[in-house]
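Here are my notes on the model you asked me to look over. Have it open beside you while you read.

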Amino acid sequence: MNTIVNLGRDFANSVADLFARESGRAGTPAPRGQRRILVVGGGPVGLAFATSLHALAGTQVDLTVADARWIEERRVVRWRNALERVNRREQVVTIQSLVFDRLPEPVRLAMFPEGGYAEVWPVSRESPVARGFPRNVRIRDLEDRLLDLARAQGLRLLAERVDPAAVVLNDWDLVIIADGANSRVRDYFTAKFGRADHTAYSLRESQVVDTVLGLRVKSQMSEPSSVIMTVAQQRYLFNGIGGDGLLYMRLTDGETAEVRGRVPGEYEFRPCLQSNPCQVTWRTDHTRKGFYCAGRGSLFVPADDPSSFLWPRVLQGLKLFDIPKEALVAVTTFPLSMSRRGAFSTQLNPVGSDRPVFGALIGDAAGVTHFWPGRGLNRGLSSAYALAMILSRLDPTASLRAADLAGFEGVMAQLQSRHQDRAWRAMVQMRRESVLPVKEIVAEAITRPRTSREILIRKMQVRTAELVSGLTDRLPAKADLTELFAALDRVDDETLAVLVETGGWETRDSGGPEIDVDAILRVNTSETTTSCASAALGVALA
């Protein structure tokens, strides 16, 4: 009788699973027999993890990736567009060769098809000569290419938002949380992961927060000269492909207060670019002319305010990088701050449960790195690869244990320490025996009486010439000193003073060895065989 009841129950469960899968509902993966993994977040890090694990482990794992920014159309999942209320990320990122060279070949080839990237930045410890130059690529292109690969691999893709309260943990073995810095899923499980602590990145008992204005532009300056001008100061940063990219401007607190929008005819300011950042794009038609926020119907105030202090300084940045005013097509902001996490993986269901269910943080959900020194996505991709490599070595039929993720914790702790220490040194500087945020140094340079223009230009000429000399053999092409000196001549005295006072990028104290995930996790064949045999014996004895 019990056998008949069990058969009936199993049949009913199988039918229920079938209907749930057909409906595409999150929380209903394939039947057991494989390790079942839910990836929350289909950005570049979440997709890089899923496609890498599939490339390493194949059918040993059953992967489901969910993202609300997708839409299913004719049974094919694609990215939503601006008309569907999703602004795709147009910024260009630099991925170091020590990072992309470790990724499985199918993933690496998908991310960087021939002609689909640019080599702009110099070789260095994180991009050794033997592995080639770092590669510039637009985030939007990365997301499209990795989504194409995920479809080709046959991964289950769900175009929907995951409600953490509705996730049935028993349906999964592991939940990968990769839905960004403001992760709802991570925050739901705060009692499990613990809270992040920003004390290490605070001054005067207050967390240091940088606001960076992102300007979508087309620069006429050569790429090698753009690199030199970027690393010669800490006010403006340009990164692009063929001159098309974003010019980032580090703002003072006073300038940040100016970054707001207002609907024509109304007096109240809108929170555009501040509490809920959106992209404000250039729009010219019969009714509007200016930087217009389609989401809130407001105009970007500084661009049309003759008394604005911010907008003339934006235009100075354009002059510095030889960007025509009409080549500025969009504006957005990036509020940047950092904190430290004590745990990157945890058991999500109660300790002592018959079958533990774990969660793991990767990408910005694990921690945001200030991108000025160019490490944000590199850290995210390293975390994705490390976790994929560790999971690919485990017996997929055995329940996960906390010990299985100890190696992941170790890699994540090293990535956090290395990348955030480097980023912190790009946020603050020592001045007059006090540590000050760079944004305060910018504000002081603006208001303080300045030396003659000739002295300011000479200081910047010497600095850029030294950089050209030091980086000539490390760049894909040589920078043009004549072009750089002409750029300095184009900007006003205030801008020159800020460039001089902020100094070049700090590389001495933040230099040294980089985190090589492959080296940390490397296990030779004999060790792997012995470990697998020991694991099998342990399972047999358990």
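1. A word on terms before anything else: two residues are in contact when they have heavy atoms within 4.5 Å of each other. Keep in mind, too, that this is a predicted model.

2. Let's begin with Val-231, which is part of helix H8 (residues 223-231). Leaving out residues up to four places away in sequence, Val-231 touches Trp-121, Leu-467, Gly-504 and Trp-505. Is Val-231 buried or exposed? Its relative accessibility is 11%, so Val-231 counts as buried, the cut-off for that being under 20%.

3. Next up is Asp-210, in strand S11 (residues 210-218). This aspartate has a relative accessible area of 0%, so it is buried. What does its side chain pair with? The side chain of His-370, through a polar contact of 2.9 Å.

4. Asp-210 has other neighbours too. Not counting residues up to four places away in sequence, it touches Arg-250, Phe-334, Pro-335, Leu-336, Met-427 and Lys-439, as well as His-370.

5. Now for helix H11, which covers residues 310-320. Why call this helix largely enclosed by the rest of the structure? Because 8 of its 11 residues are buried. If you want to click through them, they are Leu-310, Trp-311, Arg-313, Val-314, Gln-316, Gly-317, Leu-318 and Leu-320. Note that the list includes Arg-313 and Gln-316 along with leucines such as Leu-310 and Leu-318.

6. After H11 comes Asp-322, and its backbone is worth a look: phi is positive there, near 55 degrees.

7. Two arginines also have positive phi values. For Arg-74, a residue other than glycine, phi is near 55 degrees. Where does Arg-74 sit? In the loop between strand S3 (70-73) and strand S4 (76-79). With a relative accessible area of 77%, Arg-74 is exposed, since the cut-off for that label is over 50%.

8. The other arginine is Arg-432, again not a glycine, with a positive phi near 50 degrees. Its place is the loop between strand S22 (428-431) and strand S23 (434-437). Arg-432 has a relative accessible area of 59%, so it counts as exposed.

Technical notes: Residues are numbered from 1 along each chain as its sequence is written. This is a predicted model: local features need pLDDT of at least 70, side-chain atom pairs count only at pLDDT 80 or more; totals for chains, interfaces and linings use all residues. Side-chain values use heavy atoms; hydrogens and water are left out. Buried means under 20% relative accessible area, exposed over 50%, partly exposed in between (1.4 Å probe, protein chains only). Helices (H or I, at least four residues) and strands (E, at least two) are DSSP runs, numbered from the N terminus. A polar contact is a pair of N or O atoms within 3.5 Å; within protein, one must be able to donate a hydrogen and the other to accept it, and residues adjacent in sequence count only if both atoms are side-chain atoms.
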